[in-house]
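Hi,

Here is the structure I said I would pass on.

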Amino acid sequence: MVKILGTNLQAADQVALLRTLGLLLQIGLTLFAADTFGLSLQMEPLVHVFVLEVLYLSLTLALRKPLFAKERGLFIALSLDTLFWISWLYFSGGATNAFISLLLLPIALAAVTLPIWAPWSLTAISTLAYSLMIFTVPESQMHHHGMDMSSHYLGMWFNFVISALVLTTSVALIAMRMRRQDAQLAYMREGQLRQEQLLALGTVSAQMAHQLATPLSTLRLLLDELREEQPEPSITVVEMETALGRCEHTLTELRLATESIRDRRQRPQKVTELVAGLKQKTQLLMPQTELNWLITCAPKQLEEQQILTDMSLTPAIMALIENAARASAETLGVAQVDISLDSAPSEGQIYLQIRDYGAGIAPSLLPQLGTLLIESPKGLGVALLLSHASLERLGAELILANHPQGGTVAQIRFTLLQPNASATTTETL
């Protein structure tokens, strides 16, 4: 029954239930089992202890969710519980109380729910209190029916210390390992969800690309006929041909990227080639955008650096640049984007940073962008999700942050390939 009830309760409720059962156990032993277990009760101070403990427990039960949401709050509550247990034990026989091992209850709760420093702290408090109670045991209680009980009480104290050490080491380490595994499982579930979303997006994209091929071919034929009928094509026809050529180029790149990803065609590429390709594409596809390039790396050093790429890398970076240009245009009225390149050879990385002059991103959305699909009228969620997935597959890392002077910064951290690794990769390809 308790197991079924515990599975349906949250962690804060489970801790509250155990603490309530501990108080009921104290009251039950005091009122109904004192003679049975030979407890030496001091009723007047015990009444004060119970009154304070009931008030304290009622307050913490009412505030359990905000109180236990933080580790500090739960540790303070368990520390006070330990003090109440010590008070009850002291006024019901002290070290001679047969239930002295109940001091292990707060330690066990701390070992399961809190970092390892918490059970160690409670163990120190409990051991110190137990030791003081050993030294304050009256001489009359040390001898029972002519027998010297000092060695027995000392053995109980030693057994308590051993049990507390087991809880603070073995149980705490097992609980810490389980929390780490839970975190890894949660990360894997998020990754699986992201892969499912990417698979769905990839399926839809492939279907749409297949459906677009025929209309684009028809438009190309109609545009060719229109050019033949007009010896001097109008500006409208020229703009239509430019837009249609861009659509055909994008569709071709999509097909090549799909084949590259399917066949896992990854290759080393010089950073200078990547930068040159980005400049060419932005001039061709985004002529109205004002791009400010800042390359702090030495040209000779940059020429030697290589990163791992495939057909999806350039579209992923272009999506980030287009998002930045759109954000700047909405705020400044001008599509202005700053792109900087910085190298850290000692760390084996190179940083490509894209900054816009938009309104920035809400802090609550920063952890979700790039990892989950979010509701956004601008469509930033899908573009960033695809860019993040493409960069992650190549061993790169995408970090989003708000710039102190306004706007958003998207930093891509590439891992530089070692010369011998580059040669090996080239041979395998």
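This is a predicted model: local features need pLDDT of at least 70, side-chain atom pairs count only at pLDDT 80 or more; totals for chains, interfaces and linings use all residues.

**What I found**

Residues are numbered from 1 along each chain as its sequence is written, and side-chain values use heavy atoms, with hydrogens and water left out.

Of the 429 residues in the chain, 37% are buried (buried is under 20% relative accessible area, exposed over 50%, partly exposed in between, with a 1.4 Å probe and protein chains only). Among contacts (heavy atoms within 4.5 Å) with a separation of 6 or more, 71% are between residues 24 or more positions apart.

Let's start with α3. This helix covers residues 43-62, 20 residues in total, and its first and last C-alpha atoms are 28 Å apart, close to the 28 Å expected at 1.5 Å a residue (the expected span is 1.5 Å times one less than the number of residues). Leu-46, Val-49, Phe-50, Glu-53, Tyr-56, Leu-57 and Thr-60 are its buried residues. They sit on the same side of α3, because they cover an arc of only 140° around the axis, taken from the directions from the helix axis to the C-beta atoms. An α-helix has 3.6 residues a turn, so residues three or four places apart point the same way. The other side of α3 has Glu-44, Leu-52, Leu-55, Leu-59 and Ala-62 exposed.

Next, α5 and α7. Helix α5 (residues 71-90) packs against helix α7 (residues 117-135) at an angle of about 15°, and their axes are 11 Å apart. Axes here are lines fitted to C-alpha atoms, for helices over the stretch in contact, and angles run from 0 to 180 degrees between N-to-C directions. That makes α5 roughly parallel to α7 (under 35 degrees is roughly parallel, over 145 roughly antiparallel, 65 to 115 roughly perpendicular and the rest oblique). Their crossing is right-handed, meaning that the near helix is turned clockwise from the far one by less than a right angle. On the α5 side, the contact includes Phe-75, Leu-78 and Ser-79, and on the α7 side it includes Trp-117, Ala-118 and Ser-121.

α7 itself has 19 residues and reaches 27 Å from first C-alpha to last, close to the 27 Å expected. Its buried residues include Ala-118, Pro-119 and Leu-122. Those three turn up again with Ala-110, which is in helix α6 (residues 104-113). Ala-110 counts as buried, at 0% relative accessibility. Leaving aside neighbours within four places in sequence, Ala-110 is in contact with Leu-78, Ala-118, Pro-119 and Leu-122.

How do α11 and α13 cross, and at what angle? The axes of helix α11 (residues 271-285) and helix α13 (residues 313-332) come within 11 Å and cross at roughly 55°, and the two are therefore oblique to each other. This crossing is right-handed too. Among the residues that meet are Leu-274 and Leu-278 in α11 and Leu-313 and Ile-317 in α13.

Finally, Leu-226 lies in helix α9 (residues 150-229). Leu-226 is partly exposed, with a relative accessible area of 27%.

Best wishes

Key:
Helices (H or I, at least four residues) and strands (E, at least two) are DSSP runs, numbered from the N terminus.
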